[in-house]
Amino acid sequence: MMNATMIQFFHWYSAGDSTLYTEAVQAADYLAELGISAVWFPPAYKAAGGGFSVGYDPYDLFDLGEFDQKGGIATKYGTKEQYLDACSVLKSKGISIIADIVLNHKAGGDEKEKFHAMRVNPENRHEILSEPIEIESYTKFTFPGRGETYSDFKWDFQCFSGVDYAEGQEPGIYQIIHDHGDGWEEIISDELGNYDFLMHNDLEHRNPFVRAELNHWGKWYHDQIGFDGVRLDAVKHQSPDFYKEWLYTLRANTGKNIFAVGEYWAPGALDLKLKYIEATEGCMSLFDSSLHHNLHVASLQGADYDLRTLFDDTLTLANPLLSVTVVDNHDTQPLQELEAPVEHWFKPLAYALILLRKDGYPCIFYPDLFGAHYTDVDKEGNEQEIFLNKVEKIEELLKARQLYAYGTQRDYFEDANCLGWVREGDDEHPGCAVVLSNKEAYEKPMEMGLQYAGQPFRDYLGWFPQEVVIDENGWGSFPVPAGNVSVWVPV
């Protein structure tokens, strides 16, 4: 069985004009050749921002670019027809589809409603700042462009637990008073008192009619594109009980063991991620934000960083079967809210760490494979032009994962500035030796195994012309350039 590898096939500044799905079709053969087994597409449904929105402000989950709503028919990425075509082409190449699921909030309501709510302290959502007052907000969703096609459910204020807009009132967070729950929903973290509310109109998952509608939608969405996996947005802001039920129902209704990965972005807070996994009974994987944070810090500190600590306090170390590893994503890229990019020089090392080791399910990032160029405004209000270059040797690292990263792993982590490991291979694949340095050039002795005695190894990334011959005891001495990575494979 080949090693699974996912790609996040977009970034925050991906080109609009309905080109992304067309680009995916054009890239399908290339992705398959590199061993990409799953494509994570951005939120595909109509957002409040229409054709300009990245998609994380969902308006109508049933509009995949089919109805004239929010300024047009297509989403930023294309029409429903283009989306279905892209999914079909990728699946024909053996690449599965990961659908981005945003069920924490809705935005862009069609009509205002009056209801009672209390303003809360944004820094401590348990602290009530007002008596119950009548407010007016855009909590009525009637979808006039779609009508009752696919669903006749209409959303109103009882479907939400809070809003961040009240007509004529000062800006803030308003906790809605209704019959479906007292206060905020119970979540894992006590950040900001209770971080149930994130933005826009926060979904009230304790409302049985809301849960029934979202369960119906999940099956409908699967029937449209036949996804094999889901990426669940902002799970740290949602009750573990909701997604436990939603995923169980989705898997039962589709008859498929659908893969799920949740975005519980809490760098360093391994205890919270483990508590969330426990609360959801292991029904989903999580992105390893702690490993990403370590990679980011390592890239900033250079030779001062102790590479032996890269996996400390990471989900990949604590629960590798439920860890999805990333080097960067749309939230960490420059000019974004959670900006913490891995520096470009370190990215080949970082990708070697997630692609060529046995633990974790790696997800590569679109700009790292294709490059990206965009302009935005930084936190000080200054316009910046950003160039993200393709990561050097990323194609070779992806191919090395498919051809050589199999079998028993032995680590050589005795040096703070130079890590190494070997993969022995299995019955169907030869193994490899990997060495990385954040300082000067090294040669690292490592044991490949007696089965390789006398076997010459070559540098798969092409840094060194000479071969390394495994001695009679199964050992070889493998060089690496300064501040780089080398991958050695049998000739």
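Select F141 and F143. F141 and F143 are both buried, where buried means under 20% relative accessible area, exposed over 50% and partly exposed in between, with a 1.4 Å probe and protein chains only. Their ring centres lie 6.2 Å apart and their planes meet at 45°, so the pair is tilted. The rule for pairs: rings of Phe, Tyr and Trp (its six-membered ring) pair if their centres lie within 6.5 Å, and planes under 30 degrees apart count as stacked, over 60 as edge-to-face and the rest as tilted.

A word on what you are viewing. This is a predicted model, in which local features need pLDDT of at least 70, side-chain atom pairs count only at pLDDT 80 or more, and totals for chains, interfaces and linings use all residues. Residues are numbered from 1 along each chain as its sequence is written, and side-chain values use heavy atoms, with hydrogens and water left out.

K106 lies over the face of F141, 5.3 Å from the ring centre. Such a charge needs NZ of Lys or CZ of Arg within 6 Å of the ring centre and within 35 degrees of the ring normal. For another case, select K70 and Y59: K70 lies over the Y59 face, at 4.5 Å from the ring centre.

**The cavity**

Which residues line the largest cavity? Select D60, L61, F62, K106, F143, R146, W155, E213 and W217. By class, five are nonpolar, none polar and four charged. Here Ala, Val, Leu, Ile, Met, Phe, Trp, Tyr, Cys and Pro count as nonpolar, Asp, Glu, Lys and Arg as charged, and the others, Gly among them, as polar. The space inside is about 40 Å³. The count comes to one cavity of 30 Å³ or more. On a 1 Å grid over the protein atoms alone, a cavity is a set of points where a 1.4 Å probe fits but cannot get out; a pocket is an open set with protein on both sides within 12 Å along at least five of seven lines; lining residues have an atom within 4 Å of a point.

**The pockets**

Now select L198, M199, E263, D331 and L338. These lie nearest the centre of the largest pocket, which 23 residues line. Its volume is about 630 Å³. The lining has ten nonpolar, six polar and seven charged residues.

Move to the second largest pocket, of about 300 Å³. Of its 14 lining residues, M1, M2, N3, A4 and S37 are closest to the centre. Seven of the lining residues are nonpolar, six polar and one charged.

The whole structure holds 40 aromatic pairs. Select Y45 and Y221: this pair is edge-to-face, 6.2 Å centre to centre, with 75° between the planes. Y45 sits in the loop between strand 2 (38–40) and strand 3 (46–47) and Y221 in helix 3 (residues 208–225), so the pair ties together parts 176 residues apart in sequence. Y45 is buried at 1% relative accessibility. Y221 is buried too, with a relative accessible area of 1%.

Next, select F9, Y21, Y30, F41, Y77, Y83, Y366 and F370. Ring pairs link these residues into a cluster.

**Last stop: cysteines**

How many disulfides does the structure hold? Zero, with a disulfide taken as a pair of cysteine sulfur atoms within 2.5 Å. Select C432 and C418. C432 is in no disulfide, and the nearest cysteine sulfur, that of C418, is 15 Å away. C432 is buried, at 0% relative accessible area. Finish on C159, buried at 3% relative accessibility.

Conventions:
Points joined across faces, edges and corners; volume = space filled by probe spheres on them. Helix = DSSP H or I, 4+ residues; strand = E, 2+ residues; numbered from the N terminus.
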